[in-house]
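Thanks for coming. I will take one structure today and go through its pocket, its salt bridges and a few backbone details.

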Amino acid sequence: MLKQFLLSIALLAVFTLPVRAETGGANADGSAGANTGTGSPVSPHEARLALLEGVSALTGIPWTHLAACDQYERAMTRANLKTREAKEGLIAIHYSDRQWAGDLNPDKSDTDPDTIAFFGGAGLDGDGDGKADRSNDADVLYTFARRLLEFGTGPDDFRIALWETYHNSRAVDRIMQFVQIYETLGTLALEEHVFPLPLDAHYTYRSTWGAKRGWGGLRIHEGTDIFAGYGVPVRSTCYGIVEVKGWNRYGGWRVGIRSIHNVYHYYAHLSGFHQSIEVGRVVKPGDVIGWVGSSGYGRQGTSGKFPPHLHYGLYRDNGYFDWSFDPYPKLRQWEKEERNRLRGK
């Protein structure tokens, strides 16, 4: 009864939040907005947070930890669309029908908690309606949280639970990074991006992803070069966490930032780092991370082998490795969005 009462409060909060008339259809984070019954969805971030906090109250697992797991699953679906079905709703945690209902269960759409348990399925009733429904966000999130609780509630138990769930050290690292981002910023509304250089700076760029490069061996150009003068500030384009800082013989002084969407943002050929930038620091769009330079193509400290510019790359994590994709369309999009914000549009 207590479980049903608490989840009912959480779900009631989802559907009684103020209507956001400007929100519609799919959301930027891939989730669907909750509907009030009037045809207008509420803010998906508030709706998702209400559900996370409800399950957190039930299980004692901080909402930031549950959100980090859900965000990792959302990123895995986006990176593996051929092998993972995209799930509509507020929660992106993925269970196959076999995982949910049980391998030997003849009814793969079973919602009866008793028969699901009999066949060893994972599915649990999270909202007290007597059903364990794989399409129900509360059921899915509660099922996942209860799995985490099997490994205890101590300081190290969450990491152990993640390892036993994913058997992948990258997954554990990514989720812990996301936990730190959510704990630092205290919100789910982390969609905004900016252009990597100030818009009032003098710069030029074009699509150069995939072009041939010869220094250090034949390879392709995995990024976009943004040419600007020495000392122009380089900014974080996203909400994320500094994953790498230091020297690379190709990229010179470079910074790598893992975004909340599990995309690695690579900034290379810097002339130096901002004093606040260290591995593990959470950053926001617009935070200065360094300055345009021409470092790289040699041993540490090499500079001046090419005109000053920022090499900007994007890499998506598919759960096993990062793969490069063309950042040029995103750069054009973020540049336009930032200009519109500055103009008050």
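I start with the largest pocket. The element that gives the largest share of its lining is α3, with three residues. Helices and strands here are DSSP runs, H or I of at least four residues for helices and E of at least two for strands, numbered from the N terminus. α3 (63–79), α6 (137–149) and α7 (157–166) each supply at least two residues of that lining.

Before going further, the ground rules. This is a predicted model, in which local features need pLDDT of at least 70 and side-chain atom pairs count only at pLDDT 80 or more, while totals for chains, interfaces and linings use all residues. Residues are numbered from 1 along each chain as its sequence is written, and side-chain values use heavy atoms, with hydrogens and water left out.

Back to the pocket. The search runs on a 1 Å grid over the protein atoms alone; a cavity is a set of points where a 1.4 Å probe fits but cannot get out, whereas a pocket is an open set with protein on both sides within 12 Å along at least five of seven lines, and lining residues have an atom within 4 Å of a point. Grid points are joined across faces, edges and corners, and a volume is the space filled by probe spheres set on the points. On that basis the largest pocket holds about 540 Å³ of space. Its lining has 21 residues, and those nearest the centre are Glu73, Arg84, Gln99, Thr165 and Tyr166. Sorted by class, the lining has nine nonpolar, nine polar and three charged residues. For those classes, Ala, Val, Leu, Ile, Met, Phe, Trp, Tyr, Cys and Pro are nonpolar, Asp, Glu, Lys and Arg are charged, and the others, Gly among them, are polar.

Next, salt bridges. The rule is a side-chain nitrogen of Lys or Arg within 4 Å of a carboxyl oxygen of Asp or Glu. How many salt bridges does this rule give? The count is 18.

One of them joins the side chains of Glu192 and Arg341, at 3.8 Å from N to O. Glu192 lies in the loop between α8 (169–185) and β1 (203–205), and Arg341 in helix α9 (residues 328–342), so this pair ties together parts that are 149 residues apart in sequence. For exposure, buried means under 20% relative accessible area, exposed means over 50%, and partly exposed is in between, with a 1.4 Å probe and protein chains only. Glu192 is partly exposed at 37%, and Arg341 is partly exposed at 34%.

Arg258 and Asp322 form another salt bridge, with their closest N and O atoms 3.2 Å apart. Arg258 sits in strand β7 (residues 252–259) and Asp322 in strand β12, so the pair ties together parts 64 residues apart in sequence. Are these two buried or exposed? Arg258 is buried, with a relative accessible area of 0%, and Asp322 is partly exposed at 28%. Both belong to a network of salt bridges that links Arg170, Arg174, Glu243, Arg258, Asp317 and Asp322.

Asp287 and Lys284 also form a salt bridge, with the closest N and O atoms 3.8 Å apart. Asp287 is buried at 15%, while Lys284 is partly exposed at 37%.

Trp323 is in strand β12 (residues 322–325) and is partly exposed at 33%.

Now the backbone. Most residues other than glycine have a negative phi. His167 has a positive phi of about 50 degrees although it is not a glycine. His167 is in the loop between α7 and α8, and counts as exposed at 51% relative accessibility. Asn262 also has a positive phi, near 65 degrees. This residue lies in the loop between β7 and β8 (263–273), and Asn262 counts as buried at 1%.

Last, a distance. Thr302 lies in the loop between β10 (288–292) and β11 (309–317) and counts as buried at 18%.
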